[in-house]
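The sequence and the structure are shown first, and the description follows.

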Amino acid sequence: MPTIARSNGDSTPQKRRLRSDAEAKDSPISTTVKWKSPRGCSSASPNSLSNGTERDFSDNPERSPVKKNFGKFISKPKWNPGDTEQMREVKEALHVSTAPSTVVCREDEQKRVLEFCKVCVEQEKAGSLYVCGCPGTGKSLSMEKLKQLLVDWAKEAGHRQPDVLPINCTSLAKTSDIFVKILGDAQQRRKVNGSATSALQHLQNLYSQNPRSSRIKMMLIIVDELDYLITKDRAVLHDLFMLTTFPFSRCILIGIANAIDLADRFLPRLQSLNCKPMVVTFRAYDKDQILKILRERLSALPYIVFQPQALELCARKVAAASGDMRRALCVCRSAIEILEAELKESSSNFNSLTVEKACFEQQTATAPDILKKQDIDVVRLDHMAIALSKTYRTPIVDTIQSLPQHQQILLCSAVKHFRGGKKDTTVGELKKSYMDICKSSLIPPVGSLELSTICRVLNDQGLLKLGQSRDDKSKRVTLRVDEADVTFALQGIRFFRNCLQ
Amino acid sequence: MGREKAAKEALNLLRGRLCDPTFVFKPLSDSPESNYSKLKFIISSSVTEACNNSILLLGPRGSGKIAVLELVLKDLFLEYPDMISVIRLSGLLHSDDNCAFKEIARQLCVEHDLLFSKMASFDDNSQFMIAMLRECGLAHKTVIFVLDEFDLFAQGKQRLLYSLLDAMQSITSQAVVIGVSCRLDADQLLEKRVRSRFSHRKLMFLPPSKEDLQRLLGHILSLPLDSTLPRDYAVEFNAKLQNMLADEKFKQTIYTYMDSDATVNHLLRFLFRAVSYMDLGSGFLALENFKTALPNIQRQPKLECITEYKSIHDTFQTSDYYARNVCLRAFEHLQQRELISFTDNRGHNQSVEFRPVKLLISSYELQKGLKSYRSCPVILLKLMDREA
């Protein structure tokens with residue numbers, strides 16, 4: 001059950017909210033342009049807007065705190081969930097695929113990677129970098145932004161703009177195809193005959209000879225989902241990172257994966273050559289960061305959508321569970337849908353009440369007044385709590401409770417059987433325990449064929465695990481659910497309570 | 001129309017209904033809390049708001065997941081005629097990534113009248129899929145991927161799931177991924193990358209409650225009043241049906257049947273049998289039809305050879321009535337049919353008569369079998385009752 005703990009009114013989140021409020025107040029026009037979907041909008045460019053917001057950020061600290069507090073009282077109006085246009089805008093702002101123009105809370109990591117790439121481009125030297133972190137921590141998103149930033153910086157600083165090659169390793173049919181892809185981009189005119197070793201050798205030859213390679217531009221290669229390249233002999237991964245060690249190599253390699261120790265475990269040889277890739281870790285988001293990102297997304301909208309405690313609850317829960325930003329966005333959208341459903345239900349109730357009112361004239365119209373008081377405007381704490389429990393709950397308890405009686409009895413007999421510390425047993429033994437329970441409680445048992453069917457159904461649902469065997473009786477059975485879950489689910493029925501004691 | 005002819009037509013109508021899943025699941029879909037409305041709401045909001053979504057339908061086999069999905073898709077095709085295209089994959093056939101991408105490419109080609117090349121490589125097919133998703137996104141057409149037996153797609157490297165869910169993370173595509181599985185922990189089987197991209201919506205298909213069951217039975221078995229059947233016959237039929245449905249004994253029969261497997265599919269099979277027993281002379285369904293159907297469905301082939309058991313029992317009581325070899329033969333028959341088995345696995349040097357033997361079927365089954373065996377001698381029944 002999600003606990004509804006209130007924050008102690010600390011001042012830091014207040015300040016952040018003020019900043020975003022003030023920002024919305026200052027530049028309403030630019031922010032609304034920022035949020036149009038990329039399909040429709042052609043004039044928005046990330047650079048001008050990011051510069052604009054950066055300037056705003058730098059302006060605010062100079063303002064006096066008194067003025068800031070003043071800004072707080074000019075709060076935004078609440079939204080109208082009945083308006084479909086507003087609903088669509090809000091859902092789009094919270095959708096995972098809507099990339100914000102600035103990547104908030106990742107400024108440090110982005111700066112480190114950008115500095116590294118800048119050095120490489122300036123000195124026309126190759127290098128490798130490894131970005132790691134749990135899913136949903138903004139790695140791919142940051143690298144997307146980085147590409148544009150690097151190219152723009154190179155243009156401004158007068159260096160040769162590097163080529164950019166993004167590769168996602170899940171799209172490779174064979175792991176060695178990655179070299180074909182790298183080569184294919186660098187040497188459009190030459191036709192490679194397709195064999196992977198020659199692609200790799202071609203690259204290796206290219207990077208060992210000075211006159212040929214200095215004509216090629218630097219290439220920024222971003223390799224996403226790097227662990228798909230790991231094969232038994234780790235050759236491909238090694239060769240890929242070794243490409244940066246050649247004397248005249250032209251590639252800046254950035255690898256992205258989830259495992260923190262990938263570089264240590266799979267690339268030990270590089271350390272001896274003194275060119276281990278630099279590691280940038282994207283830590284899982286904590287509560288404040290998630291809150292900041294959510295507010296950032298919602299700040300562009302001219303109305304308030306969420307009650308502030310609801311957003312805090314979401315951030316707290318998601319940060320405690322995984323720190324995955326996608327999850328937080330999903331939960332927020334789910335909460336909005338719950339609000340929508342409530343709105344629909346109340347409007348149908350309202351309609352039926354007005355009909356009733358028309359029928360019974362003598363009753364004073366207290367019903368519409370009551371409904372007005374329960375005006376559904378913002379997403380409240382209870383909506384968010386329901387959305388969180390829906391996302392994080394396992395359906396196991398519900399399913400066990402809704403199983404038919406004999407399936408429950410069989411599950412109970414399995415739990416009792418495995419209590420003694422045994423890990424698995426055969427179907428024949430399980431059937432015997434089932435018969436014992438039925439006999440002791442005078443319930444007529446089902447036939448042997450039906451018992452086998454029940455075992456199979458429970459196996460399909462993931463509650464038991466059945467092994468393979470020619471003979472039905474000697475199949476091995478293990479319990480897949482926790483004993484505590486079964487006991488909890490069936491505690492309402494006295495028979496099972498006694499049975500499981 | 002003669003009574004019997006009307007009854008025959010009614011029987012055909014009922015049997016046709018029981019075989020049509022879309023008819024059966026309609027009443028369960030009327031309330032706003034039902035899975036039908038929730039699913040429809042999610043898909044239609046994805047279509048109208050042009051955003052991506054993913055959802056899992058979970059529930060035991062035979063609880064109507066695909067039936068409800070088909071109902072929803074049919075209704076959506078009527079509401080949004082050109083804005084939806086459906087791609088269907090099955091975990092049994094397409095769990096291999098190469099195969100799956102080829103099938104997706106083929107279905108997309110068929111849908112959009114393009115030429116499909118069997119020689120296209122894995123890379124080509126995946127590029128094609130991403131390009132098509134982008135094109136459909138620009139044309140505001142939503143692609144719905146239906147993945148049947150979703151848990152089988154989660155074996156191996158899960159490349160198909162990753163590519164699909166990753167394509168949905170970009171704003172250029174408009175797709176809905178619907179996974180159907182009977183494993184309740186299907187989303188725990190996903191890799192953490194894939195799980196992070198999945199939107200964690202789950203719809204549970206639980207067995208119907210007792211009230212829902214009553215409503216369902218009424219809906220399926222009531223005859224329509226405005227068909228080719230004579231009206232007064234239909235009215236009388238429905239009245240008798242309502243009486244029977246409210247009867248406690250009928251409810252007891254149904255609940256005992258559903259005690260071992262409560263899915264709708266199971267119930268339909270039972271109803272089909274019961275309806276087939278309808279007496280064409282009277283033209284009405286009666287409680288006896290249902291009671292006859294119950295043991296017929298639950299009967300097992302072993303009970304049909306209960307004659308052998310009878311002879312064994314007789315020999316123990318009246319050993320000089322039957323010849324010895326008849327007994328031995330009967331004994332061997334019983335052993336072959338696995339009604340009894342030897343409790344010790346020691347050698348065959350001991351003669352058959354003196355080895356201890358245990359009964360493999362329960363005494364309850366034995367009783368039921370004997371009762372359904374019409375020509376069972378009374379002495380045997382008395383013996384069973386005494387021992388029970």
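Which residue of β4(B) is the bridge partner of B:Leu56? In this predicted model, the partner of B:Leu56 is B:Gly179.

**The sheet of chain B**

Strand β1 (residues 53-58) of chain B is joined by six bridges to strand β4 (residues 175-181) of chain B, and these two strands run parallel. Both belong to an open sheet of five strands in chain B, ordered β2-β3-β4-β1-β5 and paired in parallel. At the edges stand β2 (84-90) and β5 of chain B, each of which pairs on one side only. From one strand to the next, the twist averages 20°. Helix α5 (residues 97-112) of chain B packs on this sheet, where it touches β2 and β3 (142-148) of chain B. The direction of helix α5 of chain B makes about 150° with that of β2(B).

**The sheet of chain A**

Chain A also contains an open sheet of five strands, with parallel pairing and the order β2-β3-β4-β1-β5. Its edge strands are β2 and β5 (278-282) of chain A, each pairing on one side only. The twist in this sheet averages 15° from one strand to the next. Five bridges pair strand β1 (residues 127-133) of chain A with β5(A) in the parallel sense. In β5(A), A:Thr281 stands opposite A:Cys132.

Two helices of chain A may be described against this sheet. Helix α6 (residues 107-123) of chain A packs on the sheet and touches β1, β3, β4 (251-257) and β5 of chain A. Helix α7 (residues 139-157) of chain A lies across β1, β2, β3, β4 and β5 of chain A. The angles of the helices in both chains are set out below.

| α5 (residues 97-112) of chain B | β2(B) | about 150° |

**Salt bridges**

Over all chains, a search of the whole structure finds 32 salt bridges. One of them joins the side chains of A:Lys217 and A:Asp163 at 3.5 Å, N to O. This pair links distant parts of the chain, 54 residues apart. A:Lys217 lies in the loop between α10 (210-213) and β3 (219-224) of chain A, whereas A:Asp163 is in strand β2 (residues 163-168) of chain A.

**The interface of chains A and B**

How many residues of each chain take part in the contact between chain B and chain A? In chain B there are 50, in contact with 51 residues of chain A. The area buried between the two chains is about 4,600 Å², and carbon and sulfur atoms give 50% of that area. On the side of chain B, B:Ile171, B:Leu184 and B:Arg193 lose the most area to chain A, together 14% of what that side buries.

Six salt bridges are found across this interface. The side chains of A:Glu225 and B:Arg197 meet in a salt bridge, at 3.9 Å from N to O. Between chain B and chain A, 14 residue pairs are in polar contact. The elements of chain B that give two or more residues to the side touching chain A are α3 (35-49), α6 (122-138), α8 (159-167), α9 (192-197), β5 (201-204) and α17 (363-372). The residues on that side of chain B divide into 16 nonpolar, 16 polar and 18 charged.

Note on methods. Residues numbered from 1 in each chain as written. Chains lettered and ligands numbered in written order. Predicted model: local features only at pLDDT ≥ 70, side-chain atom pairs only at ≥ 80, totals over all residues. Heavy atoms only, no water. Contact = heavy atoms within 4.5 Å. Buried area = accessible area lost by both parts, 1.4 Å probe. Salt bridge = Lys/Arg side-chain N within 4 Å of Asp/Glu carboxyl O. Polar contact = N/O pair within 3.5 Å; in protein donor to acceptor, adjacent residues only side chain to side chain. Helix = DSSP H or I, 4+ residues; strand = E, 2+ residues; numbered from the N terminus. Nonpolar A, V, L, I, M, F, W, Y, C, P; charged D, E, K, R; others polar. Pairing = 2+ DSSP bridges. Axes fitted to C-alpha atoms, helices over the stretch in contact; angles between N-to-C directions.
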